[in-house]
Every structure is written in structure tokens, then in C-alpha cells.
Protein chains: 2
Amino acid sequence: MPRGGPDIGALLKPDEVREWRSLTVENPKSKPTAAEAAALKEKKAAEKKGKDSLLKKVVERINDSTIKKDKIKKALDKAAAEAPQEEVPRPFWLDPPSGTRDFEPAEMKVRNWLFDHMRQTAKEFGFKEYDAPVLEHVELYERKAGEEISQQMYCFTDKEGARVTLRPEMTPSLARMVLNLTNLATGEVRAALPLKWFSIPQCWRFETTQRGRKREHYQWNMDIVGEPGIVAEVELLTAVATFFKRLGVGPDIVGIRVNSRKVLDVAITKAGVPRDKFERVCVVVDKLDKIGAEAVKCMLTEDLELPSQTADVILQCLQASSVDDLAKAVGLSQSDPAIAELKTLFELCKAYGVGDYLDFDASVVRGLAYYTGVVFEAFDRKGELRAICGGGRYDRLAELYGGEKCQIPFCGFGFGDCVVVELLKDYGLMPDASPSVDVVVAPFDATMQPHALKVAASLRKAGLSVDAALTACKARKAFDLANRQGARLVAFVAPGEWARGLVRVKDMEVKDPSTNEGLQVDVPFADLASVVSHLQNAASAKGASWVPLGVDAAPAPSTQVGATLGTAGKLSLKATAKFSALAL
Amino acid sequence: MPRGGPDIGALLKPDEVREWRSLTVENPKSKPTAAEAAALKEKKAAEKKGKDSLLKKVVERINDSTIKKDKIKKALDKAAAEAPQEEVPRPFWLDPPSGTRDFEPAEMKVRNWLFDHMRQTAKEFGFKEYDAPVLEHVELYERKAGEEISQQMYCFTDKEGARVTLRPEMTPSLARMVLNLTNLATGEVRAALPLKWFSIPQCWRFETTQRGRKREHYQWNMDIVGEPGIVAEVELLTAVATFFKRLGVGPDIVGIRVNSRKVLDVAITKAGVPRDKFERVCVVVDKLDKIGAEAVKCMLTEDLELPSQTADVILQCLQASSVDDLAKAVGLSQSDPAIAELKTLFELCKAYGVGDYLDFDASVVRGLAYYTGVVFEAFDRKGELRAICGGGRYDRLAELYGGEKCQIPFCGFGFGDCVVVELLKDYGLMPDASPSVDVVVAPFDATMQPHALKVAASLRKAGLSVDAALTACKARKAFDLANRQGARLVAFVAPGEWARGLVRVKDMEVKDPSTNEGLQVDVPFADLASVVSHLQNAASAKGASWVPLGVDAAPAPSTQVGATLGTAGKLSLKATAKFSALAL
């Protein structure tokens, strides 16, 4: 570190500086008109939002509490203004391929945090995890219903001539796996139904890269196989709502829109439209938000050759404001199964305690061809983001793949990792992404290195995560390292203490009232397994207020996570370093 | 289920029957000669081993304690003998692409168990997790040193003409990510060194599929960036050994062979061979085991045009039986840095408590071009399997990618998920793969469904994993479901109790001495959060011996795993269902 404090400019990454520069809105050279001033105000607001978010990210990445946020902001301004050209030509292959992401540790920590909440939720609901290859046969997706997904596949021909693709979604792989448990001649599944399975696969699409549109994302999938009744949908909707609750996202922030394609199906059938057009009608109708009612009607009557009157009924269905309204629009009685089922769904979800999250919305049909019944999607109530997750019932996919005997009901949802993170950022619900270990072990000099390694091994046996310094590390350097690593404890292995069989342990979270510094205890080497008791006793003897180490008092998962929210940058033993259970 | 017990044949999967049939060794039609009899004996032994292993897998998958292993064996024999043709033509795209794997829940549970041990080990050592896209630019691997890896890449050209590949290994992606934190003009890394990073990426290769050779595997990677000293290697070797210990694999079962390419480098340099041939020499020498000394010498003298004498010195180096021997072979003194470093490595690993796992082995050079110093590989001492993991120091990869200013030392290892599982199977160290939830909630009839969902929600709030039955489920069916799901508790939601605000909970792990059946308690609905206390009190009142639920008494991770080993098929609340900490 140079004299006069760290060179913050040197800590910035070129892509951060480039992004900062791209966010900067230039001031107009002449006095703006009223209209220009209004537009400028809007741009400046966007600039502030973008820069605040980027600055937060950079602060978290640098993760040095001695460097103030303001200084980092100034350094970013300076670096961006100086518009430095790339120092040395950087080969393109040092970047990840277009539209893909690297996950540095801080980003990976957030990803793991999110995935662990998904896993935890699925397991609370008794679902079992599965996985399938990221590569699949192209034929698995060739449904020819004009969905966006099959047009945007990341597909290629391999060296043996097989047509393969990076999977665009997980559902076909699940159906394939279930059919591999099925006798195609009888439709009998060689496993007790229903199956409740989940997965968090990476999914891919190939489209021209645009700002904010990536080519890959992770998508949490939960599916129930073999249960025709509406209770399956209820279970999935409740799992989604429970996941939101775990993240601190209440029904005031998000909602889940629910509809049923069965009603649309009835309307179309009543109008005498051939059944095989149903999927294509749904794919067209899903575009309503994007292209408007006029264009949808045009596609229904021209591309799909529906009578104009039928197109009108369909569009009317989409505008129904309640289940009763919908029944009326299609001319169904309240007791019609498709209507009754929807009503039961809302009642059961209410009983399950998640009714507040649910809205009936007749305009939701989802863009995938294969849905046959209930469809749903979660959305932010402010209406700023794309759909957060989507799902529904698809009772005919197994038949399409495996033949007419395979009448296996399925329903499920896919929940991406990108939109929900945007939402969490907007509401300040992101977790602490700073690093965290329990202890740094610091050898005083090279002769102490072998002893320091023994100390590290003993502390790990005590269940602590230990960063063993790889080179000699006197006090100042050791504290710097501990600070950087988010370690609460430092174990000094120095000749004086070691000759007496002792290791000096400093607890930077508990203050010794007599010195007003971190509590310090010399622990016998042979007794390192009880290092926490030693510290606790010393705190008690000195009248210091003890702060429990997460490793000894692991609270329930949701509490634990709650406790880490909003503590970014704080030097403490993070609950997150505990991993005390194994996810079998 | 048909009368007369389950039809076990219907429970078998076609691929299991096919595999069983392929394992079957036909008896010879005429009396075998002595040589034929010996060969037959060997084949029969292999048949037994293969069938035992497959049978175990099938038993675990079916996971029904009411079906005896013998019956499943008979059903397999019968199905294989009847050589059933596929009932209905099965489209090829219902199988995963050639050389890839589906993970059904039982397989996924084993994978998660293994990965969690890897993660836990890495975190105990203070390493941080990262990730990179499974897709990379082909250019990242074009090192032209004749390694197997670049010849077997799963590469293709995307729709925009970019040459991309499913990554064959993780190291180049790590180097790329570190260089994205580096000023290429100065070599300065914008992060405090050393970095200690780990990842568990899926890696791919494209080769003709053969029995037992897959096109993808997962590979645990741990790397230290920015530390030139041998303590980095010591840390990594100790992490590998600690991982083996966690799995119950002692130094009697596996060893880690260690060598240093630096000594070979000295030998080559002394003989006046140009430095740029070093990598290719290593790649050739790595083939020694496969092609023999004669062929290696031939490649060294002909392909690489080394003098015959130099080739002899190199081959001699590979035969040294100790570090001292090696020094002698090359003509180095004991105090030469390359020799002293190797000695220090063994001493420090001994101090660290993992000396028993390490062997010096001069013949280990590893097949990757980029290693520059210490190289190592783990192997099974019986010598039946391929290398379990491999790694070493690669101090020049950053320079190769980023230019001459980028002198950033790296060392690390890759540890695949396939060979170690073979080893664990051989030694009976695989975990219990049967499903496990805490409670099954069973509604007596459809009218009880909404109440059952409330009960499920309350039990989940108590921290239990809950499988809510989706349809009415009277006693027999509920117990079947609990049995299948590995649930210890069943909560019956029936009109009689519900009218009195009660839920009947049965604990199938604790025996009531008065009835000799599972302990049964009626718990007030409002009190379900304390269901475990209710059961425990009832057990105490009835003099039943209480079995703690894993959720309340979570032991340290390694103990927890130990406790689940070898309990396959047992009906109990598995520690593994707890997931009580979140892996942030």
C-alpha cells in the first residue's frame, strides 16, 4: 500500500469504470428547453439509480471498511473522466462468451444464498432434488407451436452429427426422465406417484445479446408428477409464496396471477375450433401485453383462421375481472369443473396461509405451448420487472413424448435467478456478500509456520473455518488479513507463547473493558478444541459482554439468514460461515 | 398393487434389466479346459461383483422395505432371461445425449453428499467459491503442447461464428477471471493476494463413448493465486487429505504421489535443451505408464529431437526412489532450491498431520502442459482405479494469457466425482441414498384437505420437512407413504380429533411399551410448533425410550454424516433432512 492511504483507483476494475462511464449523463451545452429539461431530469434519476447500485457493488467487492464509500465514488468519477484506454490489448477470449456470466466469490455467495433458500423451501415441502445434462437432443423441443423458446435455442451439431442444444428449459428433461421410468406400452410408471421433484438447472437461449439480456440463467424448477387434482397446484403456489416469505418479500411487494387454460379451452371447443389449434391460440394470446388486442385478433383470425366471433370471445375471456365474470364470458355455470376447480384453488391457498399473494387474472396464459390447465406467474406489484416466475399444469406432454398410453399428469413452475435479484436489490433485501471465515492463523515468522499449521488443523477440528496465513504475518498484517477475510478471531503463533505451549487468540468482536480493545486469551495448544469456551470464560471474568459465535448457537435457517441481512461490511463471525448441516 | 404382493418385475427399469443381462456370464456348453475354467472363474467373480453392486442400486431405488432383496434378484434374473424386447419403440431423444448422465433423486442425493463434503472442506480451509460459464472460447485452450485435453474438446461454432467449447477443465477459466482483475500493463492484481478460491464445475470432453467413459464429469477445483511459496502446495495437499478423512478414506486406502517438475526442468536445462521444449517433454513423459520407457525415449529423441543421453537422464529421474536419489540423478546438491523445497513440503505436511497420505514418486509428472513446479496425484493403493485427483503449480499460465508483466503464481488441483465414488463403493463408504422427510401429513378425506394444509404449514414453521399428501389418505395408505418417503412421523388430520382442535401424530421410531406400536400423541393444532416436545413428554410419561430428532440435536457435520453411513433402508428421521444451515 503506498504512503498516504491506498490508491483506490488501482482497486477499480476496468469493467466497473467502463460501466460507470456509460451511466454518466452529460450536461447539455446550451440551456435546455422545458421538454429537454424534463427528459434530462428523468435521465439524471436513472443515472443516480444506476450509479448507486454499481457503487454498492464496488464497495462490497473491495470489502475494506477503512475505505469510505465517498472516496470510491470519487475514484470512479476520476477514472471514468480520464477515459483511460485499455492499457494493453486484451484478447477477447479473456472475457466469458457473449451473454454469459462469471461468478466472483461475492457474486457466488449471493447465488448460493438464493439457491439455498430455494433448496430449503423445496425440502420443507418434501420435494427431492434431481438433475439432467445441460446438453439435450434438439428433438426434445421440436413442438412446432411457434413458441419463442424453440426459436431461440442454443443448438449445434456435434462431431458425430447429433443435433444437440444447451437446454432452454428443464420441463422436457423432466418429462423425459419420468418416461424412462415408464412402460410406454402400458403407461405404467415404475415408481410410486405422485413424484415431487425439484432442480436448479442452468438454462440457455441464443439471441442477439442486448443490454440486460443474458444467454444463460439458472431456473429453480419444482414439479409434481402423477397428481391430476388441483391440490398439486396449491402445493406449488404455496411453495412459491413460502419462498418469497423466506426472502422477506411480502404480498405487498409481489403477487401471483392465476388463471386456467381449461376455460379458454372450453370457449374454443364450444366455438367449434379444432382441438389441435389450442396450443397455438395460447402462444398467440400470450403476446397480448406486447402487441395489443388488435394484433392478437388479427393473428387469431388470419394466421389461425378462427372466426372473428371466436376471436372476440377469446379476447373477452382475457378481460374477465373475476372467476364468476370469466364463467359468464364463456357461458359456463358456476359448477362447471373448470370453474369450480379455480375456486377451490383459491380457497385451499387461503387455508394454506398464502391467499394474500394470489390474484385471479384472466389475461395470464403463459407462452409455452404445453400448458393444459391452471397457469400462473409471479410479478412485482409496482409493475417494473418482467415475470418473476411462471408455471402451470401440462397433462399432455408425456403423451406427446411417449405415446397415447402415457397419460401422466404434470404440473410445475420455473423460477429464474435474475429478476428476483433485481427485486431484492430494489427493496434492500440482498444478503451480506462479504467474505467470512472464523479464524485467521498467523505465524510470527517462518520458523513458526509448521506450528501454525498444527494450530490451524486443531481449530478446524473444533468446527471452525480457518484461513491459515501462508507466510509470516505479524500483528498489523494479521489484522489486515482478518479484516479482509471477515474473520472474528486471530490466532497468533509466536515463539514466546509457543515455548510455553500457548497460542494467543484475539476476539475482535468482544471488547475487553480494561483495555478497550479486542478480548485476548492465551489458550493451551492441547486445548484449542475448546477455544470458544476459553474466550467465553475470559469475557465473563473480565466483565465483557459476550457475543455468541454462530457456530455454537445455530438458529433456525430463516432466522439465520434474517440475521445476516443488512449487516454488510460488519466485522463479525457470520452465521453464513457455518454450513453446519450437510445437504444430503 | 395386485393381489399376492407387488409385481416386482413391473418395478424394474429397462436399463437395469439390460445391464443385468449384459453382466450375465453364460455357462460353457462343453466341459472347459483348465485354462478356460480359470478364465471362467475370473469372469464369474466379475459377474458377482457387478451384479451385487447393481442389485444394491436397484434395492435402494425401489426403497420398499417390504420387498426382500432376494425377490428383486429373482425378478432381475427372470426379466433378463425372458430377454424382453422394448415394448414400444422408444425415441432416441428420450435418453440423455451420449456420454451424459441423468441424476434421479437417489443419485442426486449421493452427488449432493459428495459436493457438500467438498464445499465443507474448502470452507474449513478459508476458500471462497466461484464459478464461470460452462461455455468458453476455444482460444482459451489452444496451447499446442499436444495434451490429450485439447484434442478431446466438446467444441462447436455458434450461430454468430464464435468458436466455443464446453469447458474441458476449470483452470484456464480461473486464470482468465484473475486476469480480469489484473492490469495487464503492470501485472498488478486488483485484489489482495493470495486468493484462495474453489469451485465444483461440470467439465466436458468429446471422445468416442466407451464402456465406463463419460463425456462429462464434475470436478472439484481448489486453487491458491499469488503465493509462490511451497506452503500453498501444503495447504492444498492437506485439504485433499482432510477430504479423504471426512469420507472415512484413510491413508491405508489412498495415497498422494508428489513430485516436482522443477527438478526435471533443471535436468533438461543442464543438458542444453531449449526451455520451450519443457512442456512438451512433460506431456510425453506422462505417457510412460501407458506406452513404456522405450516408446517415451523414442518420442523424446525423434519427435522432440533431444540427444539420446538427455532422454536417458530424464528417464532416470523418473525412476528415483527418494528425493535424495532424484537429486543425485540430476546432479543437484541437497541444498538446491528445487530439492530443498520438496523436502520442506513433506516436513510441513507431516506437521499438518497428513504425512501418512503422502509419497514421493519421481514418475509423476501429470499430462497438462502448464505445470511448472510441484505436481501430485491421489491414487488408490490397490492400484485398481485411475488417478483420483491431480494438481500442481502453474506459475506461467497467467503470463501465457496476459503477457510478460503477468507473473502471477498459481497452484491448485482438480478432483473428479467419478473415480472417488468407485472407491467409496468398493469400501462400503457410500451414504444412505434413500429419501427422507420428517413428517407425512395425511387428510382423512377431502373435507379434511384444507385443515391438513394448515397442519403442514404449522409443522414447516416448526422447522420440519413435510410431505403433504395431495389426496385423502387413511391409516394404511398414510403409513405406506411415510415408509416410501422415509418419514418418521405421520400427522393424521381426521374429523374426530379435528373437531376437538387436535391432530394425531404417530412416531414410528419410538415404541410405546403399552401397545408395542409407534408412540401416538394428540397434539393441539395451536401447539404444533412444539410437536417434538409433546412426543418427548409422552415418551417419558409412558416409559418409552426417546430417540432424538435430528432437527433438534444437530451434531457437527462430520459426525452427522458418519451417523448416516450404513443405515440404508432404516426408517428414521435422517440427519440429512435437516439442512439447518444455509451455505452462504
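Is Asp52(A) buried, partly exposed or exposed, and what is its relative accessible area? Asp52(A) is partly exposed, at a relative accessible area of 35%. Here buried means under 20% relative accessible area, exposed means over 50%, and partly exposed lies in between (1.4 Å probe, protein chains only).

The model is predicted: local features need pLDDT of at least 70, side-chain atom pairs count only at pLDDT 80 or more, and totals for chains, interfaces and linings use all residues. Residues are numbered from 1 along each chain as its sequence is written, chains are lettered from A and ligands numbered from 1 in the order in which they are written, and side-chain values use heavy atoms, with hydrogens and water left out. The predictor gives the complex an ipTM of 0.83 and a pTM of 0.83. Chain A has an average pLDDT of 87, and 91% of its residues score at least 70. For residues 551–584 of chain A, the pLDDT is below 50. This stretch still has 105 contacts in the model beyond near neighbours in sequence. The pLDDT is the predictor's confidence in each residue, from 0 to 100; contact means heavy atoms within 4.5 Å.

Salt bridges were examined next. Side chains of opposite charge can pair when their charged atoms come close. A salt bridge is a side-chain nitrogen of Lys or Arg within 4 Å of a carboxyl oxygen of Asp or Glu. Asp52(A) forms one with Lys48(A), at 2.5 Å from N to O. The two are four residues apart in helix α3 of chain A, so about one helical turn separates them. Lys48(A) is exposed, at 52% relative accessibility. Helix α3 spans residues 34–62 and also holds Lys44(A) and Glu47(A), three residues apart. Their side chains meet in a salt bridge of 3.9 Å, N to O. Lys44(A) is partly exposed at 30%, whereas Glu47(A) is buried at 12%. Helices (H or I, at least four residues) and strands (E, at least two) are DSSP runs, numbered from the N terminus.

In chain B, Arg504(B) and Asp522(B) form a salt bridge of 2.8 Å, N to O. This pair links distant parts of the chain, 18 residues apart: Arg504(B) is in strand β18 (residues 502–512) and Asp522(B) in strand β19 (residues 517–524). In chain A, a network of salt bridges links Arg257(A), Asp361(A), Arg366(A) and Glu377(A).

Rings of Phe, Tyr and Trp (its six-membered ring) pair if their centres lie within 6.5 Å; planes under 30 degrees apart count as stacked, over 60 as edge-to-face and the rest as tilted. Tyr154(A) and Phe206(A) have ring centres 4.8 Å apart and planes at 90°, so this pair is edge-to-face. Both residues are buried. The rings of Phe243(A) and Phe244(A) are 6.4 Å apart at their centres, with planes at 45°, so this pair is tilted. Phe243(A) and Phe244(A) belong to one aromatic cluster with Trp220(A), Tyr357(A), Phe413(A) and Phe415(A).

Asp131(A) connects the two chains. Its side chain makes a polar contact of 2.8 Å with that of Arg111(B). A polar contact is a pair of N or O atoms within 3.5 Å; within protein, one must be able to donate a hydrogen and the other to accept it, and residues adjacent in sequence count only if both atoms are side-chain atoms. Asp131(A) is buried, at 8% relative accessibility.
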